[in-house]
Structure formats: C-alpha cells, structure tokens
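Let's take a friendly walk through this model, starting with its charged pairs and ending with its nonpolar cores. Keep the structure open beside you as you read.

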Amino acid sequence: MFTGIITDIGTISATEMRGDLHVRIDCAYDTSSIDIGASIACSGACMTVVELGPAWFAVDISQESVSRTAPGRWEVGSRLNLERSLKVGDELGGHIVTGHVDGVGTIVSVAEEGDSHRFEIRAPAELAPYLAPKGSITVDGISLTVNSVTDQPDGSALFGLNIIPHTSAVTTLGGRVVHDSVNLEIDVLARYLGRMEQLRSLIKR
C-alpha cells in the first residue's frame with residue numbers, strides 16, 4: 001500500500017532483457033534501509049526490489065506491466081516518481097493507493113492558473129465511470145484531487161487537475177507536456193462501489 005505522496009524522483013540508468021525487463025533506477029534513498037523484496041511504487045506501478053546498490057535499486061518488470069503502463073516509461077533516462085511502501089503509523093497524507101495501474105491517460109492541455117498549472121487529462125472509457133469532481137485519482141503515482149470531469153461522446157472523460165508549484169517541483173509533472181502519456185489508478189473506494197453497482201444490476205435481472 002502507498003499514499004501517493006512522492007518522496008524521490010529516480011532516473012533509469014540501465015535496462016536489460018532477462019526474460020523480464022530488468023531496470024536499474026538511480027535514487028537518493030538510503031538504500032541500506034531497503035530490503036530485497038521490498039515494494040517501491042515507480043510512477044504509480046508497484047515494483048519489487050531485486051537488487052540494491054549504494055545509490056540505486058533494480059526491479060524486474062514483466063511484459064504485462066510494460067504493456068499496461070505509459071509507453072516509453074521504462075527506457076534509460078526516464079524519470080520516475082518514487083514512493084516506498086506505507087508502514088503502520090505513517091502519516092496518510094494522500095489517499096490509499098495500491099500501486100496497480102488501471103489505465104493510461106493522455107495530457108490534452110496544460111495552462112497557467114495563478115502560480116499553479118491546470119492539467120486536463122483524457123481517461124479511457126473504461127475508467128470514466130470512476131471519476132468524480134473532488135474525488136481522488138493517482139497520476140504517475142501522485143495522489144491528486146479531481147477538479148472537474150467532462151464526459152466525451154466516445155465514452156472517455158476529460159478530468160481537470162490543479163497542480164501547485166510544490167507538486168511540480170517534487171514530481172515529474174513539472175516536466176510533462178501535452179500529448180504525454182501518464183499512468184492512472186482510480187480510487188480504490190470507487191473501484192469497489194463500481195463492482196457493487198455491477199452486481200446489483202445483475203441481481204435485478
């Protein structure tokens with residue numbers, strides 16, 4: 001479990017195909033405090049640490065994970081939002097995040113709004129029913145509040161976010177531009193409510 005509060009930005013320094021994709025990520029974490037087998041969210045995707053160095057860790061990424069996350073995310077030079085797994089007693093500053101990417105969104109606009117920036121992101125049709133104004137969404141591992149939702153004729157949805165300067169500075173969002181792809185995870189409560197509604201419809205039939 002995670003909270004969507006980013007604690008470091010890592011950079012992919014090496015990749016290698018070993019059956020699965022083996023990725024080395026440089027970071028500022030004290031890696032002596034990380035155990036082999038620990039979970040670290042990498043731009044919203046929960047990964048298992050398989051190797052450690054003095055300022056890096058490595059993970060193995062299955063083809064399933066590669067196919068379900070944003071294109072080009074696992075290439076050398078890519079910057080990743082990092083969050084270590086939640087411990088009992090930690091402050092829950094964001095919302096409950098599982099580290100399971102539900103879909104890939106596309107940034108359609110970025111505009112200045114005061115000192116902040118307003119992002120509009122297109123979510124695929126299968127995620128649209130789970131978005132609501134003032135609800136939570138995880139974008140590239142970052143816990144954010146949805147400001148607006150506009151349903152589209154093709155079933156997709158545009159949702160708006162307000163990104164304050166601090167969030168831009170301590171995450172990769174500050175470098176994202178129009179047409180970039182981002183990993184999305186819907187709120188876990190919305191996921192369960194959606195499933196309950198599906199079952200209720202089946203029972204009525």
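The count of salt bridges comes to 7, where a salt bridge is a side-chain nitrogen of Lys or Arg within 4 Å of a carboxyl oxygen of Asp or Glu. A word on the basis: this is a predicted model, in which local features need pLDDT of at least 70 and side-chain atom pairs count only at pLDDT 80 or more, while totals for chains, interfaces and linings use all residues. Residues are numbered from 1 along each chain as its sequence is written, and side-chain values use heavy atoms, with hydrogens and water left out.

| Salt bridge | Closest N and O atoms |
|---|---|
| Glu 16 and Arg 18 | 3.2 Å |
| Arg 68 and Glu 64 | 2.4 Å |
| Arg 176 and Asp 140 | 3.4 Å |

For accessibility, buried means under 20% relative accessible area, exposed over 50%, and partly exposed in between (1.4 Å probe, protein chains only). Arg 68 and Glu 64 both sit in helix 1 (residues 63-68), 4 residues apart, or about one turn of the helix. Helices here are DSSP runs (H or I, at least four residues), as are strands (E, at least two), and both are numbered from the N terminus. Arg 68 counts as partly exposed at 48% relative accessibility, and Glu 64 counts as partly exposed at 46%.

What does the pair Arg 176 and Asp 140 link? It joins distant parts of the chain, 36 residues apart: Arg 176 is in the loop between helix 2 and strand 13, and Asp 140 is in the loop between strand 9 and strand 10. Both Arg 176 and Asp 140 are buried. They also belong to a network of salt bridges that links Arg 73, Asp 140, Arg 176 and Asp 180.

Next come some loop residues. Lys 134, in the loop between strand 8 and strand 9, has a positive phi of about 70° although it is not a glycine. His 179 lies in the loop between helix 2 (165-170) and strand 13, and its phi is also positive, near 85°. Lys 134 is exposed, with a relative accessible area of 65%; His 179 is exposed at 67%.

Glu 91 lies in the loop between strand 6 (79-84) and strand 7 (103-113) and is exposed, with a relative accessible area of 72%. Leaving aside neighbours within four places in sequence, Glu 91 is in contact (heavy atoms within 4.5 Å) with Thr 3 and Leu 86. Glu 91 and Thr 3 are 88 residues apart in sequence, yet 8.8 Å apart in space, C-alpha to C-alpha.

Finally, the cores. A nonpolar core is a set of buried Ala, Val, Leu, Ile, Met, Phe, Trp, Tyr and Cys residues joined through side-chain atoms within 4.5 Å. The largest one has 21 residues, and Ile 121, Ile 137, Val 139, Leu 144, Phe 159, Leu 161 and Leu 184 have the most contacts inside it. At least two residues of this core come from each of strand 8 (116-123), strand 9 (136-139), strand 10 (142-145), strand 12 (157-163) and strand 13 (181-186). Strand 12 gives the largest share, 4 residues. Apart from this core lies another, of 19 residues, including Ile 25, Cys 42, Val 59 and Val 101.
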